[in-house]
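My entries follow in the order I made them.

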Amino acid sequence: MNFADAIRSTSNLSSMVVKAYISDLDDADLMRRPGEGCNHLAWQLGHLISSECQLLEMVAPGKSAPLPDGFAEAHSKDACGNDDPAAFLKKAEYVDLFDTVRAATLSALDALSEEDLGKPGPEAFRSFCPTVGELFALIASHPMMHAGQFAVVRRQLGKPIVM
């Protein structure tokens, strides 16, 4: 196993966890916030999707999947207080877009050599992602940074433990 394989494995695991956590949630459930001051799950899914595109563009320009018009803005920090369900996608749309974006990321990863992954990462992220490969590792693991909040909503709703 090389570095790209480890990144791919992490990516697949984090995708599986997030999709398992939302598998039996409906559109209304995605509008729940795990706690005061936290973002609802629909916003978090959109944030994961749009930030993955933004991060990928930093290391593989032109390789990210296109997002629907206004998507990034609807899931920006400025919009995190919006509780209007009409401003957000349906769960199936988030899942499809998440999969499309993740596939584009993995395709971009496949196009890079181990040497490419060792090149310096974007200046803005270099303090914690000094290489391109480490930025890909961040992209791969980012959903896990939110998974705990998804688990809290599952508990609030009385859903079974899935992992």
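**Entry 1: Ala124.** I looked up Ala124 and found it in the loop between α5 (114-117) and α6 (132-156). Helices here are DSSP runs (H or I, at least four residues), strands are E runs of at least two, and both are numbered from the N terminus. The model is predicted, so I noted that local features need pLDDT of at least 70, that side-chain atom pairs count only at pLDDT 80 or more, and that totals for chains, interfaces and linings use all residues. Residues are numbered from 1 along each chain as its sequence is written, and side-chain values use heavy atoms, with hydrogens and water left out.

Is Ala124 buried or exposed? Ala124 counts as exposed because its relative accessibility is 65%. The classes are buried under 20% relative accessible area, exposed over 50%, and partly exposed in between (1.4 Å probe, protein chains only). I also checked Ala124 against Met58: they are 66 residues apart along the chain, and their C-alpha atoms are separated by 9.8 Å.

**Entry 2: Ser14.** Next I went to helix α1 (residues 3-22), where Ser14 sits. Ser14 counts as buried because its relative accessibility is 0%. What does the side chain of Ser14 make a polar contact with? I found the side chain of Arg102, at 3.3 Å. A polar contact is a pair of N or O atoms within 3.5 Å; within protein, one must be able to donate a hydrogen and the other to accept it, and residues adjacent in sequence count only if both atoms are side-chain atoms. Setting aside residues up to four places away in sequence, Ser14 touches Arg102, Ala140, Pro143 and Met144. Contact means heavy atoms within 4.5 Å.

Entry 3: In soluble globular proteins, nonpolar side chains tend to be buried together. I looked for the largest nonpolar core and found 24 residues, with Leu30, Leu45, Ile49, Tyr94 and Phe150 making the most contacts inside it. Elements giving two or more residues to this core are α1, α2, α4 (91-110) and α6. Helix α2 gives the most, six residues. Such a core is a set of buried Ala, Val, Leu, Ile, Met, Phe, Trp, Tyr and Cys residues joined through side-chain atoms within 4.5 Å.

I then listed the partners of Tyr94. Leaving aside neighbours within four places in sequence, they are Leu30, Ala42, Leu45, Gly46, Ile49, Phe71, His75, Phe88 and Leu89. A second, separate core has 18 residues, including Ala4, Leu55, Ala60 and Leu106.

**Entry 4: the cavities.** How many cavities of 30 Å³ or more are there? I count two. On a 1 Å grid over the protein atoms alone, a cavity is a set of points where a 1.4 Å probe fits but cannot get out, and a pocket is an open set with protein on both sides within 12 Å along at least five of seven lines; lining residues have an atom within 4 Å of a point. Grid points are joined across faces, edges and corners, and a volume is the space filled by probe spheres set on the points.

The largest cavity has a volume of about 40 Å³. Its lining is Val18, Lys19, Ile22, Leu45, Ile49, Tyr94, Val95 and Phe98. By class, that is seven nonpolar, no polar and one charged. The classes are nonpolar (Ala, Val, Leu, Ile, Met, Phe, Trp, Tyr, Cys and Pro), charged (Asp, Glu, Lys and Arg) and polar (the others, Gly among them).

The second largest cavity has a volume of about 30 Å³. Leu48, Ser51, Glu52, Leu55, Arg102, Ile139 and His142 line the second largest cavity. Helix α2 supplies the largest share of this lining, four residues. I sorted the lining into three nonpolar, two polar and two charged residues.

**Entry 5: the largest pocket.** The largest pocket has a volume of about 160 Å³. Which residues line the largest pocket? I read off Trp43, His47, Ser50, Ser51, Gln54, Ala72, His75, Ser76 and Lys77. Helix α2 (residues 41-59) gives the most to this lining, five residues. Two of the lining residues are nonpolar, six polar and one charged.

Ser50 lies in helix α2 and is buried, because its relative accessible area is 12%. Ser76 lies in the loop between α3 (71-74) and α4 and is partly exposed, because its relative accessible area is 23%.
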